[in-house]
Amino acid sequence: MSVATKPKLSTKPVMEPRAILGPAGNRVRVSVEPKRRTEAPKKPQRAKVPVSQSPPSVVQSNVSVDSSNSSDSSSSNSSFKTASSRKTVKRNGVKQVKPKVASTADEAVTEISPAISGPLKRCDWITPFSDPLYTSFHDEEWGVPVHDDRKLFELLVFSQALAELSWPTILNKRDIFRKLFDDFDPSSIAQFTEKKMLSLKIDGCLLLSEPKLRAIVENAKVMLKVQQEFGSFSSYCWGFVNHKSLRNGFRYARQVPVKTSKAEVMSKDMMRRGFRCVGPTVVYSFMQVTGIVNDHLVTCFRYQECNADAKKEIKPKTEGREQLTKDVENISLSH
């Protein structure tokens with residue numbers, strides 16, 4: 001028995017490739033550089049560390065020949081296929097190398113999967129069952145800073161109409177609103193007669209209640225005076241927030257208020273000037289939709305985008321003072 005074991009011990013596979021045990025299986029690597037082959041037998045072998053105790057990203061470089069020889073025949077074929085994507089090992093340390101090209105199908109899926117993203121996160125009041133027009137309005141218009149006077153007047157009318165209609169209904173009738181109100185030109189609406197106002201109907205019914213229609217006509221007249229005083233209706237509206245959009249950081253829909261102290265101040269001033277149907281709730285809805293205040297939830301993808309839009313320097317278009325004066329004079333003469 002003793003004679004049979006000595007030849008095996010005398011054969012030292014120092015010059016042959018040694019199998020190294022890693023977390024994903026055994027593989028063959030030359031563990032000693034040529035210059036150090038004569039020094040390898042002098043160095044004591046380190047104690048074997050069980051695979052379960054080693055970190056998954058570290059490959060053990062010092063494993064006894066006896067423990068590795070037993071698994072050479074069963075794992076050598078599979079180890080060579082994935083050797084290019086593994087980490088290279090040195091005698092005195094571990095060097096991690098990330099493969100540039102995925103060599104297996106699993107690695108290719110891992111590289112592609114991060115690019116696949118789910119649906120966009122919107123404000124809680126937009127659901128998968130919401131009207132597509134309402135969803136587009138949220139994604140493209142609601143909360144974007146507006147400085148055009150006609151656009152501001154249109155959104156003021158819509159904010160007043162919310163007392164009788166919902167946003168999806170208003171948006172579906174938007175083209176009708178624009179046609180009946182002459183594309184929301186305040187100088188044109190201010191000259192509406194009683195007969196013209198009562199003719200704003202859809203399928204035989206008034207577009208809005210009679211008090212609302214009268215308020216829109218009166219507001220158009222007051223808006224012309226505001227434009228003459230401040231240069232534009234935009235300058236007047238944005239002056240309440242120092243021409244800088246307010247940013248709220250609400251996380252849940254229940255936190256969004258229906259009115260604020262700033263809206264109350266603006267509402268009182270507008271009513272003092274002659275505007276009608278402009279309570280604090282209507283005014284705050286107007287501030288939200290025109291981007292004077294950003295009330296997108298912080299979890300909504302539009303929150304940061306509207307903040308970026310607010311940073312852009314957008315100069316409002318000011319109406320010519322001479323034309324405004326003529327419009328006011330024409331209105332005075334007509335009455």
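**Helix packing in a predicted model**

The structure holds 15 salt bridges. A salt bridge is a side-chain nitrogen of Lys or Arg within 4 Å of a carboxyl oxygen of Asp or Glu. One of them joins the side chains of glutamate 141 and lysine 151, at 3.0 Å from N to O. This pair links distant parts of the chain, ten residues apart. Glutamate 141 sits in the loop between helix 5 (132-140) and helix 6, and lysine 151 lies in helix 6. Helices here are DSSP runs (H or I, at least four residues), numbered from the N terminus.

This is a predicted model, where local features need pLDDT of at least 70, side-chain atom pairs count only at pLDDT 80 or more, and totals for chains, interfaces and linings use all residues. Residues are numbered from 1 along each chain as its sequence is written, and side-chain values use heavy atoms, with hydrogens and water left out.

How confident is the predictor? pLDDT is its confidence in each residue, from 0 to 100. The chain has a mean pLDDT of 74, and 58% of its residues reach 70 or more. Over residues 28-36 the pLDDT is below 50, and this stretch has 14 contacts in the model beyond near neighbours in sequence. A contact means heavy atoms within 4.5 Å. Residues 51-95 also stay under 50, with 58 contacts beyond four places in sequence. Where pLDDT is low, the predicted coordinates should not be read in detail.

Now to the helix pairs. Two packed helices are described by the angle between their axes and the distance between the axes. Axes are lines fitted to C-alpha atoms, for helices over the stretch in contact, and angles run from 0 to 180 degrees between N-to-C directions.

Start with helix 6 (residues 149-161) and helix 11 (residues 210-230). Their axes come within 11 Å and cross at roughly 150 degrees. The two helices are therefore roughly antiparallel (angles over 145 degrees). Helix 6 brings Asp149, Phe153, Val157 and Gln160 to the contact, while helix 11 brings Lys212, Ile216, Asn219, Ala220, Met223 and Gln227. These residues divide into five nonpolar, three polar and two charged. Ala, Val, Leu, Ile, Met, Phe, Trp, Tyr, Cys and Pro count as nonpolar, Asp, Glu, Lys and Arg as charged, and the others, Gly among them, as polar.

Helix 6 also packs against helix 14, at about 135 degrees and with axes 9 Å apart. Leu152, Leu155, Leu156, Ser159 and Gln160 of helix 6 meet Val282, Ser285, Phe286 and Val289 of helix 14. Six of the residues in this contact are nonpolar, three are polar and none is charged.

Helix 14 (residues 280-289) has another partner, helix 13 (residues 261-273), at about 110 degrees with axes 8 Å apart. These two are therefore roughly perpendicular (65 to 115 degrees). Among the residues that meet are Met266 and Met270 in helix 13 and Tyr284 and Phe286 in helix 14.

How values were computed
Angles under 35 degrees count as roughly parallel, over 145 as roughly antiparallel, 65 to 115 as roughly perpendicular and the rest as oblique. pLDDT is the predictor's confidence in each residue, from 0 to 100.
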